[in-house]
Amino acid sequence: MGNLFMYAAIAAVVLTLLIVPLRKPASFTVKQQTTAAATIFVLSFIITAIVAYVTKMDVNWHAFWPVIVAGTLVGALFAKGKEQLIKGILFIASLVLVAAIFSAPLWNANDKFESASMQEEVELKAFDEKQTPASVPPQYAENKMKKAFSQVPNTSFYELGDLQIQKVNDAYVYIAPVEFSGFFKWWNGDTTPGYFTMSATDSSANPKFIQAEMTYVPSAYLNKNLERYMRLEYPTLIFYGDPQLEVDEDGKPYYIRTYGNFISMRNGFDVEGIIMVDAATGETTKYALADVPAFIDGAVSPEAVSLQNSYYGNYVHGYWNSRFGKKDVKLPSDEGTEANVSPIFNEEGDMYYFTDFTSPKEGVDSMLGYALTNARTGEATYYTGNVEESYMDSRGALDIVERQFVEKEWQGEMPILYNFYGEASWLTAVLDSKGFLQNYFVVSASNPEISAYAATPNEALRLYRTALSRGGATVDGTSNAEEATATVAVTRVYKERSGEFTLVSFLAADGNNYIVSSETVPLAIYLEVGDTVTMTFAQTGEQFLPVKQLQIDGL
């Protein structure tokens with residue numbers, strides 16, 4: 001509170017000097033002038049302290065522009081002579097300040113675009129088929145956590161907080177704090193008992209409640225309210241985005257919040273670092289982005305990333321172009337799970353925020369590109385996609401899911417674009433009307449007729465690979481799996497007609513199952529039990545390994 005009172009006192013002194021004439025008016029006694037000054041100071045101090053405390057606003061001098069305008073105007077009206085001239089000039093200067101603040105979006109668009117600069121590439125690296133994507137949708141995880149809420153002691157005191165995805169001990173999990181359900185529950189409870197955790201890759205996993213008392217949380221009140229506590233510790237910092245819960249490798253909970261600077265004149269935002277608060281003790285640490293502890297995955301808030309995406313997509317040719325001509329303008333989608341972006345993890349375990357960009361023209365569902373932003377550093381890459389193909393955007397992928405299950409009224413959630421088998425593809429979780437997970441849907445971004453769905457992501461991918469072969473797509477070009485060569489005897493064969501081609505599945509004497517399309521190897525249709533084959537295949541780790549080249553001995 002000390003910092004708040006100090007800034008309130010400074011604001012009160014400045015306002016008193018602006019309003020009260022320095023030279024005593026003839027109609028005032030010294031006592032009256034002193035009383036007026038003291039009254040204005042006290043009222044200004046109290047009002048400033050209360051407003052700053054309640055609103056949790058920053059207390060930088062330009063945050064008080066309404067007070068500055070009013071104070072200089074009143075001061076100029078009551079002053080005389082040179083003092084009136086000086087305060088009149090200050091009033092005009094305050095109006096210039098207000099004009100600069102409100103007009104900033106008109107002239108700082110180029111600075112915003114530069115602050116959101118992205119490296120450009122063509123296509124995302126192929127997905128490793130041996131991995132399982134973090135594909136459990138947050139709504140489903142939230143439903144399961146709510147059903148497991150009986151694990152929480154004094155359940156009636158609390159409710160489930162917002163979910164965050166995080167990597168903890170090499171596992172991808174959802175973390176959700178237990179929050180107070182009201183003022184009197186906080187007054188009686190004082191601390192929350194802990195948080196829930198649940199796998200983000202295994203939909204059959206159950207939530208687990210972790211006991212870890214937390215005092216400084218978003219749902220607390222007065223000085224223990226997390227946002228107010230951060231503001232009292234750092235009165236002048238500019239925050240952007242909600243506080244997020246992060247736990248270290250030992251399960252200890254911390255809250256973090258992104259801070260930075262305005263682009264110009266209280267407008268725009270550029271990330272600089274985080275404030276981290278020990279949720280139990282209130283110990284607070286300020287980190288620049290380069291110094292963020294290793295266990296923190298989401299140093300840059302999703303709200304800040306969404307804002308940066310907006311800058312990059314809208315302001316490529318300045319503000320006025322974003323409103324009228326709209327040349328090269330691309331709009332970030334609003335289909336993300338957190339502030340219009342979706343968190344995903346790469347093969348190294350680093351978290352990124354995914355966003356696709358679409359045309360500003362109404363009724364168009366083609367994707368112009370997509371971006372991945374590193375959640376720790378804020379560095380972003382924009383992928384243009386194959387310019388020879390037209391990609392469907394995330395909204396289009398969700399529409400396909402909705403049409404596929406229109407009778408059941410199931411809907412897609414959390415569409416993410418991956419490079420599966422060299423094909424840009426949307427992976428979407430499918431939920432029923434009550435928010436329960438039903439299956440996973442994969443659809444080609446360039447050829448929406450090619451799709452597949454199954455109960456698990458890996459099973460959906462296996463079916464999708466078959467669908468790609470049926471659709472005439474090339475599955476063997478850019479998979480991330482390593483290639484291997486083997487000579488084996490065939491013990492079982494199954495052939496299935498798929499459009500103009502035949503899919504040949506066979507069991508080899510080495511115990512592995514293989515699959516090959518006659519599109520890739522036309523002579524595979526002659527394969528029989530007892531044949532010996534020499535082949536090159538992809539070690540994808542799947543039940544049926546895709547064959548890229550095959551030679552039947554004696555044929």
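Author: Start with one residue. At 30% relative accessibility, Phe 41 counts as partly exposed. Keep in mind that this is a predicted model.

Reader: Ok. Where does Phe 41 sit, along with Phe 45?
Author: Both are in helix α2, which covers residues 30-55. They are four residues apart, about one turn of the helix.

Reader: And Phe 45, what is its relative accessible area?
Author: The relative accessible area of Phe 45 is 24%, so Phe 45 is partly exposed.

Reader: How many aromatic pairs are there in the structure?
Author: The structure holds 34 aromatic pairs. Phe 41 and Phe 45 form a stacked pair, because their ring centres are 6.4 Å apart and their planes are at 20°. For a pair to count as stacked, the planes have to be under 30 degrees apart.

Reader: Why those two values?
Author: A distance between the centres and an angle between the planes are what describe a pair of aromatic rings.

Reader: What about Phe 405 and Phe 441, how are their rings placed?
Author: Their planes are at 80° and their centres 6.3 Å apart, so that pair is edge-to-face. Phe 405 lies in the loop between α11 (394-404) and β18 (411-420), while Phe 441 is in strand β20 (residues 437-444), so the pair ties together parts that are 36 residues apart in sequence.

Reader: Buried or exposed, Phe 405 and Phe 441?
Author: Phe 405 is buried, and Phe 441 is buried as well.

Reader: Which residues do ring pairs link into a cluster?
Author: Phe 183, Phe 184, Trp 186, Trp 187 and Tyr 221 are linked that way.

Reader: Charges next. What lies over the face of Tyr 53?
Author: Arg 228 does, at 4.4 Å from the ring centre. Elsewhere, Lys 252 has its charged end over the ring of Tyr 254, 5.7 Å from the centre of that ring.

Reader: Back to helices. At what angle do α1 and α2 pack?
Author: Helix α1 (residues 2-19) packs with α2 at an angle of about 140°, and their axes are 8 Å apart. That angle makes α1 oblique to α2. The crossing of α1 past α2 is right-handed.

Reader: Last topic. How is the protein divided into domains?
Author: Domain 1 is 1-99, domain 2 is 138-213, domain 3 is 300-385, domain 4 is 391-471 and domain 5 is 481-552.

Reader: How far apart are the C-alpha centres of domain 2 and domain 5?
Author: Those centres lie 47 Å apart.

Methods:
Residues are numbered from 1 along each chain as its sequence is written. This is a predicted model: local features need pLDDT of at least 70, side-chain atom pairs count only at pLDDT 80 or more; totals for chains, interfaces and linings use all residues. Side-chain values use heavy atoms; hydrogens and water are left out. Domain bounds come from an automatic or database domain assignment. Rings of Phe, Tyr and Trp (its six-membered ring) pair if their centres lie within 6.5 Å; planes under 30 degrees apart count as stacked, over 60 as edge-to-face and the rest as tilted. Helices (H or I, at least four residues) and strands (E, at least two) are DSSP runs, numbered from the N terminus. Buried means under 20% relative accessible area, exposed over 50%, partly exposed in between (1.4 Å probe, protein chains only). A charge sits over a ring if NZ of Lys or CZ of Arg is within 6 Å of the ring centre and within 35 degrees of the ring normal. Axes are lines fitted to C-alpha atoms, for helices over the stretch in contact, and angles run from 0 to 180 degrees between N-to-C directions. Angles under 35 degrees count as roughly parallel, over 145 as roughly antiparallel, 65 to 115 as roughly perpendicular and the rest as oblique. A crossing is left-handed if the near helix is turned anticlockwise from the far one by less than a right angle, and right-handed if clockwise.
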